Amino acid sequence: MNFVIPVFRDFLLSHGVISVSRKSIKHSLESPGHAPLVVVGGAAEALDAAPGTHDLTLRRRNGFFRLALESGANLVPVYSFGENDIFYAPDVQKYSWLRRLQSRALKLMGFSLPVYSGAGYLCLPAVPLSPIPRRKPIITVVGDPIECPKIANPTQADIDVVKEMYVGKLREIFEKFADEYAPDRKGGLKIVA
């Protein structure tokens, strides 16, 4: 959806942002000197974000791993601590009509409509839909690359092996650094949807 709006599309492209389509990622992987960064959970993961939680929308994601295998590209696990803490998001699971509306918008438009509050203004502690994040640090940890063999037509079993290695590396990063960078967490790293 972001690449349908003409002026916005040009703005994104001028800043190095590309579509997450198979064609765009494949072109980037085949271009010398390019290494695409994919936010695997995307808009669906944003709907589950809440302070202190560490839920990754990764269970049903396969295209990311399939492309890595088809091109023989390395996968580099990256985890950012604190991203879910910069905005407060209420638990919309309680309000099922709101979650259905958000999910429908995600399906129709390709982006989600989260309900959140950011930093406050003047004497207000938090303002609904404020685009200004709360002052919280975001620490990004980059793991060791996972070498993927080049397989022209990877099977689901091939994809599952690489996915399991990737999730394992993410868990290693989380377990190694969570006490230092997320001491107030409400649980461990969860792989959802």
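Which side chain meets that of Asp179 in a salt bridge? In this predicted model, where local features need pLDDT of at least 70, side-chain atom pairs count only at pLDDT 80 or more, and totals for chains, interfaces and linings use all residues, the partner is Arg185, at 2.7 Å from N to O. Residues are numbered from 1 along each chain as its sequence is written, and side-chain values use heavy atoms, with hydrogens and water left out.

A salt bridge here is a side-chain nitrogen of Lys or Arg within 4 Å of a carboxyl oxygen of Asp or Glu, and a search of the whole structure finds 5 of them, including those tabulated below.

| Salt bridge | N to O distance |
|---|---|
| Asp179 and Arg185 | 2.7 Å |
| Asp10 and Arg9 | 3.6 Å |
| Lys190 and Asp55 | 3.9 Å |

Lys190 lies in strand S6 (residues 190-192) and Asp55 in strand S1 (residues 55-57), so this pair ties together parts that are 135 residues apart in sequence; strands are DSSP runs of E with at least two residues, and helices are runs of H or I with at least four, numbered from the N terminus. With buried meaning under 20% relative accessible area, exposed over 50% and partly exposed in between (1.4 Å probe, protein chains only), Asp55 is buried at 16%, whereas Lys190 is partly exposed at 46%.
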